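Thanks for coming. I have one structure to go through today, and I will take it piece by piece. Please look at it for a moment before I start.

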Amino acid sequence: MTDVQDRPAVGAPAGQRSVAATLFRFQSVFGLIAVFVAAIIFSPRKNGEILFISADNLANVVRAVSEIGIIAVGMTFVILIGGIDLSVGAVLGLAAVGSAVLMVENDWGFLPSVVLVLAIGLVFGALQGIATAMIGIQSFIVTLAGLQIARGLARIWSGGQGVAIAYGNGPNEAPASFALLGERTFGGLVPIPVIIFAVVAAAAVVFLRVSAFARHLYAVGGNEKAARLSGVPVVRVKVAVFAICGLLASLAGIVHAVQLNQGSPNDGIGYELDAIAAVVIGGTSLAGGRGSVAGTVAGALLLGVLNNILALNNIDSNIQLLIKGLVIVAAAALQRLRPTS
């Protein structure tokens, strides 16, 4: 189960309705293709080689997307139920700090550190879900408070400064096995963070297609009152969704720490906005009830390609922000034009 079927426009020929429905359903994929082609056309050249499509550059694109992509998958679940999670960037920072402190300063092993950090994200997200579903506070307010709490916890845990990660078997060194998460595989072409992102995305796509929970998730997002009257465990669904989002934010924090070789309480600032942008560009409705993880992946890749080609052309950073903002507005406008279910 992915996108809810679109209602055909009244009076439009069947062929036109089918084409329009396809365009709206796969808007992020068509957008990604268009941006990718434009990136090839406008890419700078070196010795006749198109820099954008070089193997190293494409690997850098998907590597840079991996953290936001992992977060965006969790954000998709939250937005599908009509919620929002503004705390994911701060949870990423908390997880990055936790990974660094546990392994470097507390001499924890790789596996115990990762398990504890993931558990922290899971519990943090679940608590936000409880505040939203059981107490009835809007998710915007709950997660805005969660953002501040996670930042504060990260600052306390790290002493207010970044914790550098060095690898080895001695004191104040992280296990070498942790460094493997930042390496490349398949002949040095594919970064392992990309594989982690791909596995998370694939698992989420399958989960939303085959699980009964997915049907409940879409039902809550489509009409919460009707879902409750139909026997859907709304509270349980909401808590689970926020827990999943927190878990994936922590996973992204672990990936972030290994890629930057440090954990800082300031890590992940603004990541929640990029994740929301990827979800919106991917075609998921902010009102809930309609969207897909596949669209979110395409949206995240679109943003990654756009960031990369603008950087390759040395476009002013302020202009980059302007262009990305216009892309997000265009994606939101397309949602308004899309036929309702």
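Which residues does the UniProt annotation "transmembrane region" cover? According to that record, which is an unreviewed entry, the annotation covers residues 23-43, 87-104, 116-137, 190-214, 235-257 and 293-313. Please keep in mind that what you see on the screen is a predicted model.

Let me take two of those spans and say what the model shows there. For residues 116-137, the model gives 91% helix and 0% strand.

Helix α2 is made of residues 27-42, which is 16 residues. Which residues of α2 are buried? They are Q27, S28, L32, V35 and A39. Looking down the axis of α2, these buried residues fall within an arc of 130°, so they line one face of the helix. As background, an α-helix has 3.6 residues a turn, so residues three or four places apart point the same way.

Helix α8 runs over residues 192-210 and has 19 residues. From the first C-alpha of α8 to the last is 27 Å, close to the 27 Å expected at 1.5 Å a residue. The buried residues in α8 are P193, V194, I196, F197, V200, A201, A204 and L208. Viewed down the axis of α8, they sit within an arc of 160°, and therefore line one face of the helix. What does the face turned away from the buried side of α8 carry? That face carries the exposed residues V199, R209 and V210.

One more residue in α8 is F207. Is F207 buried, or partly exposed? Its relative accessible area is 31%, so F207 is partly exposed. Between F207 and F52 there are 155 residues of separation in sequence, and the C-alpha to C-alpha distance is 34 Å.

Moving to I53, this residue is in the loop between β2 (49-50) and α3 (55-80). I53 has a relative accessible area of 38% and is partly exposed. I53 and N169 are 116 residues apart along the chain, with 39 Å between their C-alpha atoms.

For contrast, take G246, which is in helix α11, residues 234-260. The relative accessible area of G246 is 4%, and because the cut-off for buried is under 20%, G246 counts as buried. The C-alpha atoms of G246 and V280 are separated by 19 Å, and these residues are 34 places apart along the chain.

On to the packing of two helices. How do the axes of α12 (residues 271-281) and α13 (residues 293-312) cross? The axes come within 7 Å and cross at roughly 120°. The two helices are therefore oblique to each other. The crossing in which α12 passes α13 is right-handed.

Last, some backbone angles. Most residues other than glycine have a negative phi. N261 has a phi near 55°, a positive value in a residue other than glycine. N261 lies in the loop between α11 and β6 (262-263), and at 35% relative accessibility N261 counts as partly exposed. N314 also has a positive phi, about 55°, although N314 is not a glycine. N314 is in the loop between α13 and α14 (317-337). With 67% relative accessibility, N314 counts as exposed.

That is the tour. I will take questions now.

Technical notes: Residues numbered from 1 in each chain as written. Predicted model: local features only at pLDDT ≥ 70, side-chain atom pairs only at ≥ 80, totals over all residues. Heavy atoms only, no water. Helix = DSSP H or I, 4+ residues; strand = E, 2+ residues; numbered from the N terminus. Expected span 1.5 Å × (residues − 1). Buried < 20%, exposed > 50% of the residue type's maximum accessible area, 1.4 Å probe, protein only. Arc of directions from axis to C-beta. UniProt positions renumbered as here; feature names shortened; annotations may be inferred. Axes fitted to C-alpha atoms, helices over the stretch in contact; angles between N-to-C directions. Parallel < 35°, antiparallel > 145°, perpendicular 65-115°, else oblique. Left-handed = near helix turned anticlockwise from the far one by under 90°.
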